[in-house]
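Open your viewer and have the selection tool ready.

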Amino acid sequence: MSVKSRKIVDVLNGKTISPPPLWLMRQAGRYLPEYRATRAAAGSFLDLCYSPELATEVTLQPIRRYGFDAAILFSDILVIPDALDRNVRFEEGHGPRLDPIDTDGIFALKSDGVQQHLTPVIEAVSRIRHALPEETALLGFCGAPWTVATYMIAGHGTPDQAPARLFAYREPKAFARLLDLLADLSADYLVAQIDAGADAVQIFDSWAGVLGEKEFADHAIRPVRRIIQSVKARRPQAKVIAFAKGAGLLLKTYRQQTGADAIGLDWSVPLSFAAELQKEGPVQGNLDPMRVVAGGNALDEGIDAILQALGNGPLIFNLGHGITPQADPENVTRLVARVRGDVR
């Protein structure tokens with residue numbers, strides 16, 4: 001069976017498929033009991049990310065359970081700053097922590113050895129592709145430079161990423177250098193994932209929504225375009241999904257300005273606007289993750305509205321952000337069945 005038979009790849013090439021293929025962001029995660037068991041056995045979260053065997057196992061768990069049309073590599077967007085020796089750690093109840101970086105630290109960053117540090121992740125990609133059903137696509141990913149930089153500047157997540165926004169205003173040259181470095185390292189990382197067997201890759205810009213119009217152009221569009229141009233220059237067949245959460249109306253030209261093959265939509269994007277964006281090419285999304293927690297009519301109505309609005313064009317069905325730990329696995333079973341028309 002050829003790669004062309006993988007439905008998500010077909011959609012990324014502009015084809016309309018009914019019912020649409022689906023996968024869910026964070027589909028391998030804490031809502032699944034089998035994931036929690038593997039996570040407990042792994043030690044630290046980063047140990048789980050850097051173990052090819054365990055990363056493969058958790059990537060495959062939702063495929064075994066639900067038969068999604070794509071698996072996405074289990075890893076984290078902060079493995080690149082970790083490879084840059086920024087002392088990344090994950091604290092229970094607090095999320096990621098890093099050593100905050102300043103201007104001197106940015107100009108002192110050394111990229112030597114970064115890709116070697118990420119070798120276990122690339123090995124996991126190869127293992128996952130070998131273990132997946134032939135018809136199941138494999139997605140690689142990285143964090144967008146803006147989002148990764150926000151964690152590097154503040155040393156942790158913040159509600160509106162004010163530390164990174166302020167730093168970018170005060171130290172524009174240093175900030176631009178950081179974004180460029182992250183873009184170049186991310187492009188190398190994505191090429192390695194593609195070479196190891198990923199059918200497509202997604203760039204996650206989870207904090208794009210805090211940026212103003214000019215800042216979005218400078219900090220979100222420019223570095224993502226740099227990544228995509230670099231990847232496609234080396235691997236012309238590569239397919240890239242770009243997900244800029246909270247970007248709203250700025251998505252109108254995002255695909256064209258970044259060169260992305262498809263754009264991911266968060267749940268706040270109106271379906272009428274999503275349909276306009278779909279006229280320019282494939283879209284992915286955009287069910288509110290809280291509907292998966294709620295279940296019942298809320299889940300069914302949300303699914304049906306997306307299928308009605310976007311089902312007649314190139315669509316990859318997904319959530320508008322990652323599935324939450326509170327989600328009932330049985331609600332995901334119903335979601336898959338309803339998208340595929342197995343239950344009404």
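**Stop one: a helix and its neighbours**

Select the buried residues of α14 and show what surrounds them: they pack against α13 (254-258), β7 (262-264), β8 (283-287), α16 (296-310) and β9 (315-319). Contact here means heavy atoms within 4.5 Å. Helices (H or I, at least four residues) and strands (E, at least two) are DSSP runs, numbered from the N terminus.

This is a predicted model: local features need pLDDT of at least 70, side-chain atom pairs count only at pLDDT 80 or more, and totals for chains, interfaces and linings use all residues. Residues are numbered from 1 along each chain as its sequence is written, and side-chain values use heavy atoms, leaving out hydrogens and water.

Which residues of α14 (residues 271-278) are buried? Pick F273, A274, L277 and Q278. Buried means under 20% relative accessible area (1.4 Å probe, protein chains only). These residues lie on the same side of α14, because they cover an arc of only 145° around the axis. The arc is that of the directions from the helix axis to the C-beta atoms.

**Stop two: the whole chain**

Zoom out. Colour by secondary structure to find 17 helices and nine strands. Buried residues make up 58% of the 344 residues. Along its principal axes, the C-alpha trace spans about 60 × 45 × 40 Å.

How values were computed: Buried means under 20% relative accessible area, exposed over 50%, partly exposed in between (1.4 Å probe, protein chains only).
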